[in-house]
There are 2 protein chains.
Amino acid sequence: MTTPEINTWQGVQEEVRRRITQRVWRPGEFIPHEADLAAEFGCARATVNRALRELAEAGLLDRRRRAGTRVAVNPVRKAQLEIPVIREEIVAKGQAYGHRVLSREMPVPPAEVAARMQVAPGRKLLHLRTLHTADGAPYVYENRWINPEAVPAVLAEDFSAISPNEWLVREVPFEGGDFTFSALSAGGAEAEVLSCPAGTGLFVLDRTTWTGAGMITSVRLVFHPGYRMHTRL
Amino acid sequence: MTTPEINTWQGVQEEVRRRITQRVWRPGEFIPHEADLAAEFGCARATVNRALRELAEAGLLDRRRRAGTRVAVNPVRKAQLEIPVIREEIVAKGQAYGHRVLSREMPVPPAEVAARMQVAPGRKLLHLRTLHTADGAPYVYENRWINPEAVPAVLAEDFSAISPNEWLVREVPFEGGDFTFSALSAGGAEAEVLSCPAGTGLFVLDRTTWTGAGMITSVRLVFHPGYRMHTRL
DNA sequence: CAGTTTAATATGTGCAGACATATACCGGCG
DNA sequence: CGCCGGTATATGTCTGCACATATTAAACTG
């Protein structure tokens, strides 16, 4: 019996995946060395390496130098979810995007916000409350703090034509971000802005972004009732 | 001036990242070809390719054959979140894990569930309601449907010693999954099980998993009030 | 026999060269 | 002028080889 050669990394990956899901190689078990697999599939070791590396990154395999490669005991499912750009998400659904600024102030922030933004207490920050709408209906209530020291140009922008998020993405080179997903019960403010009964469960995304120089912005997005964030495999 | 050679893919990636965040290469702009970069850094094209490929996967670059590589206009932020194994999440926090089965029945499922599980209407499914606890306090309320045709062994298991999730992960070779994050307002059932006031906003994760043969299980996890799911960059 | 050094080995990475593939661009044709 | 097909080109991938690095297992030593 001649095995047809598998000499693409996708092919190798597919075959290895199959052997894992079909339990040819059981969880916790060592699989053959790269060199052996390369020989079996009739391809170069680099090709096998590429295939296995990705599977290890996905959490299906555990690899260690010298020790070898084994099938992960309980596959840590890492879901990759795309953080939406609100406008694009709405437009993609064929709805009309709109947004308006509800308030724009420059107060001394509450201690909790000052801490998260790593600014000295007493320092003022730009505070924006905006609403994104889809076909006129409330979609996301955005509550954002911006550090004007990190982005001086922000003071000259009124965000009537462009949302703070998109303006920041365009103007400021981000380096890192921090995301927290949670839920809250609509209080008076959220209920009014999103036109829903108080007490409605709402999906919340808190995001803080920074650059090497320091914190730029911290935003809470409160989504309309019924919002779902979805991902596959 | 002699540029020190950068001949590791990590080094190349770091340098390219720097040029993007510091706007040496501006959003939308084309960057030099792989061959040119390889020459500049004094490394092989394969090394540059590896560095750029990962940045493209991360959404920082747009690459197309023949056209070239350009800096992404608005970096699609892809957050990779780890779907927790409840028990491990609790144990990692130094708390005592516990779980108990609230109910175990085999009814004809509501139409909505039958559709999601792709079983003929009228067909019975195993329905489990369980509660995971951390130091005795309610942590997650789990509402699960299992297709016994896909996993016959499930009928012999009472899940007193092991949670349905972990049992399934151990026994059944998954192939794919479907995740939805949302929020709900605690109704009577959730409020009682999670010991919180009705109307509390709760974080919800719906997951459906399948294998080539068909749907295996569909579960709704309702987390305790205040639960947060977190990820970085 | 316990502790430490040394060697063996699997994965990780780099290189040069080649071919594969998608596609932007240009020139020809109706 | 618009359509169509050919071609150049940038990325995508494979190969065979080499060396680097982490880690285990064996050998050695007091």
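Buried residues (under 20% relative accessible area, with exposed over 50% and partly exposed in between, using a 1.4 Å probe and protein chains only) make up 48% of the 233 residues in chain A. Before you start: this is a predicted model, where local features need pLDDT of at least 70, side-chain atom pairs count only at pLDDT 80 or more, and totals for chains, interfaces and linings use all residues. Residues are numbered from 1 along each chain as its sequence is written, chains are lettered from A and ligands numbered from 1 in the order in which they are written, and side-chain values use heavy atoms, with hydrogens and water left out.

**Exercise 1. Work out whether chain A is a compact globule or more spread out than one.**

Step one: list the elements. Chain A has seven helices and ten strands, taken as DSSP runs (H or I of at least four residues for helices, E of at least two for strands) numbered from the N terminus.

The globule rule gives 17 Å for 233 residues, but the radius of gyration of chain A is 25 Å, well over that, so chain A is more spread out than a compact globule. The radius is taken over C-alpha atoms, and the rule is 2.2 Å times the number of residues to the power 0.38.

Step three: look at the extents. The C-alpha trace of chain A spans about 75 × 40 × 30 Å along its principal axes.

**Exercise 2. Find where R23(A) and S195(A) sit, and describe their phi angles.**

Step one: take R23(A), in the loop between α1 (9–21) and α2 (34–41) of chain A. Its phi is positive, about 65°, although R23(A) is not a glycine. R23(A) is partly exposed, at 24% relative accessibility.

Step two: move on to S195(A), in the loop between α7 (188–193) and β8 (201–211). Here phi is near 45°, again positive in a residue other than glycine. With a relative accessible area of 55%, S195(A) is exposed.

**Exercise 3. Work out which rotation superposes chain B on chain A.**

Two copies of a chain are related by a rotation about an axis and a shift along it.

A rotation of 180° with 0.0 Å of shift along its axis puts chain B on chain A, with an RMSD of 0.1 Å. That is the relation of a two-fold axis.

Note on methods: Copies are superposed by least squares on the C-alpha atoms of residues with pLDDT of at least 70 in both.
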